[in-house]
Amino acid sequence: MRSVLVTGAAGFIGSHVVERLLGRGDRVVGLDSFDDFYDPSLKERNVGGVLGHPDYRLVRGDIRDDDALHAAFAGERHDAVFHMAARAGVRPSIEDPVLYASVNLDGTAKVLEAARRHGVRTFVFGSSSSVYGNNAKVPFAEDDPVDHPISPYAATKRAGELMAHTYHHLFAMDVACLRFFTVYGPRQRPDLAIRKFARRIAAGETIPQFGDGSAARDYTYVDDIVDGVLLAAERVRGFRIWNLGGSSPVPLSAMIAAVATGLGASARVEVLPAQAGDVERTWADVSRARSELGWSPRVGFDEGISRFLDWFRSTP
């Protein structure tokens with residue numbers, strides 16, 4: 001039985017990673033602060049199904065807190081760390097860049113250092129497609145330049161990759177940095193577009209559409225993301241960056257229409273100016289993940305929206 005640590009274990013992606021790890025027989029320690037970026041009761045619901053599992057231990061604490069990290073490593077010899085914890089959100093990072101730097105930079109450094117001190121050999125870092133900024137070249141490939149981030153959130157994610165590379169270089173830690181492209185599915189954060197728009201459409205409320213609707217996102221279903229996370233942990237040797245994306249961008253207007261159609265309702269759209277920090281499009285080149293991990297997205301957008309809406313309807 002492998003022992004692993006998952007940070008951000010009560011979050012959207014982290015809670016799915018925890019369930020998959022437990023399902024394959026690993027012993028899992030989860031670390032999460034249950035902060036108030038969104039309603040902590042939703043995070044309590046995310047972990048509710050695993051709290052009684054005999055191979056799961058949850059530590060409630062901040063990744064920046066030495067006592068919390070000590071508790072997460074106490075009595076364990078972790079084979080891998082899955083670092084999914086972060087202060088999320090492009091737009092909120094513009095309002096409070098210092099907080100984002102604290103959580104995403106200081107916190108990541110603290111987790112890396114704790115992993116080093118405890119002899120962890122494999123480190124998986126949840127990065128973001130936001131590091132590509134508004135690169136003109138599409139699709140985005142891992143070797144493309146990423147030195148022009150357009151939000152503090154993106155800058156912290158790129159900085160996290162660089163810090164992780166430093167730990168690989170100095171301490172021979174095997175590190176996988178995974179650039180997630182617009183993840184959606186059950187338990188999606190309430191501030192993210194698909195869930196937010198579904199709630200508004202179902203309630204008959206107006207949807208704020210920033211821009212003319214042509215901005216496109218490479219939506220990626222959460223089950224595909226978890227597949228990639230686990231494959232990366234198994235196969236990384238040295239330091240490697242992989243894109244995990246659907247590789248099929250969907251315009252904002254088409255996403256809104258798909259959610260409305262799936263709910264059997266009409267979308268009332270209010271067109272607003274485009275917002276600072278938002279990229280024009282994301283589009284993942286996944287050829288490296290396909291060739292090196294044997295990973296490809298399996299859930300298409302239409303099927304993923306259908307699955308998400310099944311969950312949405314069944315969730316209070």
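Strand 1, residues 3-7, and strand 4, residues 80-83, run parallel and are joined by four bridges. Strands here are DSSP runs (E, at least two residues), as helices are (H or I, at least four residues), and both are numbered from the N terminus. Two strands count as paired if DSSP finds at least two bridges between them. Please note that this is a predicted model, in which local features need pLDDT of at least 70 and side-chain atom pairs count only at pLDDT 80 or more, while totals for chains, interfaces and linings use all residues. Residues are numbered from 1 along each chain as its sequence is written, and side-chain values use heavy atoms, with hydrogens and water left out.

Which residue of strand 4 is the bridge partner of Thr-7? The partner is His-83. His-83 in turn has Phe-125 as its bridge partner in strand 5. Strand 4 and strand 5, residues 122-128, are paired in the parallel sense over four bridges.

Do the residues of strand 4 lie buried or exposed? Ala-80 and Phe-82 point one way, Val-81 and His-83 point the other way, and all are buried, that is, under 20% relative accessible area, where exposed is over 50% and partly exposed lies in between (1.4 Å probe, protein chains only).

These strands belong to an open sheet of seven, ordered 3-2-1-4-5-6-11, with parallel pairing. At its edges are strand 3 (56-60) and strand 11 (239-244), each of which pairs on one side only. On average, neighbouring strands of the sheet are turned by 15 degrees against each other, direction ignored. Strand 2, residues 27-32, runs parallel to strand 3 and is joined to it by five bridges; there, Val-28 stands opposite Tyr-56.

I turn now to the helices. The axes of helix 3 (residues 66-73) and helix 5 (residues 97-117) come within 11 Å and cross at roughly 40 degrees. Axes are lines fitted to C-alpha atoms, for helices over the stretch in contact, and angles run from 0 to 180 degrees between N-to-C directions. The two helices are therefore oblique to each other; under 35 degrees would count as roughly parallel, over 145 as roughly antiparallel, 65 to 115 as roughly perpendicular, and the rest as oblique.

Which residues meet between these helices? Asp-66, Leu-69 and Phe-73 of helix 3 meet Lys-110, Val-111, Ala-114 and Ala-115 of helix 5, contact being heavy atoms within 4.5 Å.
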